[in-house]
Amino acid sequence: IKPYAKNTTADGDVTRRRWLVLDLDPIRPAGISATQKEKGAAHSAAVECRAWLSGFGWPEPIFCDSGNGYHLLYQVDLPNDPASRELIEGCLQAVAFRIDTEQVSVDQTMGNAARIIKVYGTMCCKGDSTPDRPHRRAKIIETPYPCEIVPPDQLTALRQTRPSVPARPAQANSPLRG
């Protein structure tokens, strides 16, 4: 292990995508641990998200405590190509549109292939550990057996639930404006 390594794994070094990671975190100031109330809101959102995706016929995810929030790990089997990245990013956007609240957000930056996540069993040590904002250990809570793969058609169906973004209105000095 090298501290502050200059060369790390890049997206192009990854040959296949094996996981869709839904990272649900409480909204709080950066660099500090979550309160129990904030973490409870993230737990409720993770449970809601799991139930919502189950309604689409999705298999059970690996359900994890990230220390300050929760992860839902869904197994996928996709090539690492631009189409797969777009599919995964669309799924993250759809989940965020459905699940995000003023208290909890889904991390939409989890779409790149070389994204790393917390090692379960390690401590999450953001800021000082205080009685109301303690450091916590990340852990796996539930693991389904067998762990089933989410088929690409179910990923596509989820992506299609995201709302369309309306096109920007043309600027007054735009040559496209009549």
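Author: Let us begin with the words helix and strand: helices are DSSP runs of H or I with at least four residues, strands are runs of E with at least two, and both are numbered from the N terminus. By this count the protein, which is a predicted model, has 3 helices and 7 strands. From the N terminus on, these elements follow the order β-α-β-β-α-β-β-β-β-α.

Reader: Which residues make the contact between helix 2 and helix 3, and how do they divide into nonpolar, polar and charged?

Author: On the side of helix 2 they are Glu 86, Leu 87, Gly 90, Cys 91, Ala 94 and Val 95, while helix 3 brings in Leu 155, Thr 156, Leu 158 and Arg 159. Of these contact residues, 6 are nonpolar, 2 are polar and 2 are charged; Gly counts as polar and Cys as nonpolar in this scheme.

Reader: Why is the aromatic pair of Trp 52 and Phe 56 called edge-to-face?

Author: A pair of aromatic rings is described by the distance of the centres and the angle of the planes. The structure holds 3 aromatic pairs, and in the one formed by Trp 52 and Phe 56 the centres are 5.2 Å apart, with 85° between the planes.

Reader: How do you know whether Trp 52 and Phe 56 are buried or partly exposed?

Author: Buried means under 20% relative accessible area and exposed means over 50%. Trp 52 has 15% and is therefore buried, whereas Phe 56, at 32%, lies in between and so counts as partly exposed.

Reader: What makes Trp 58 and Tyr 74 an edge-to-face pair, and where in the chain do they lie?

Author: Their rings are 5.0 Å apart from centre to centre, with 85° between the planes. This pair links distant parts of the chain, since Trp 58 sits in the loop between helix 1 (36-54) and strand 2 (62-65) and Tyr 74 in strand 3 (residues 70-79), 16 residues apart. Both Trp 58 and Tyr 74 are buried.

Reader: Why is Leu 92 called buried, and what is it in contact with beyond its neighbours in sequence?

Author: Leu 92, which belongs to helix 2, has a relative accessible area of 0%, and because the cut-off is under 20%, Leu 92 is buried. If its neighbours within four places in sequence are left aside, Leu 92 is in contact with residues including Leu 20, Val 21, Leu 22 and Met 110.

Reader: Why does Tyr 4 count as exposed?

Author: Its relative accessibility is 82%, and since exposed means over 50%, Tyr 4 counts as exposed. Tyr 4 is found in the segment before strand 1 (16-26), and has a positive phi of about 55° although it is not a glycine.

Terms used
Residues numbered from 1 in each chain as written. Predicted model: local features only at pLDDT ≥ 70, side-chain atom pairs only at ≥ 80, totals over all residues. Heavy atoms only, no water. Contact = heavy atoms within 4.5 Å. Phe/Tyr/Trp six-rings, centres within 6.5 Å; stacked < 30°, edge-to-face > 60°. Buried < 20%, exposed > 50% of the residue type's maximum accessible area, 1.4 Å probe, protein only.
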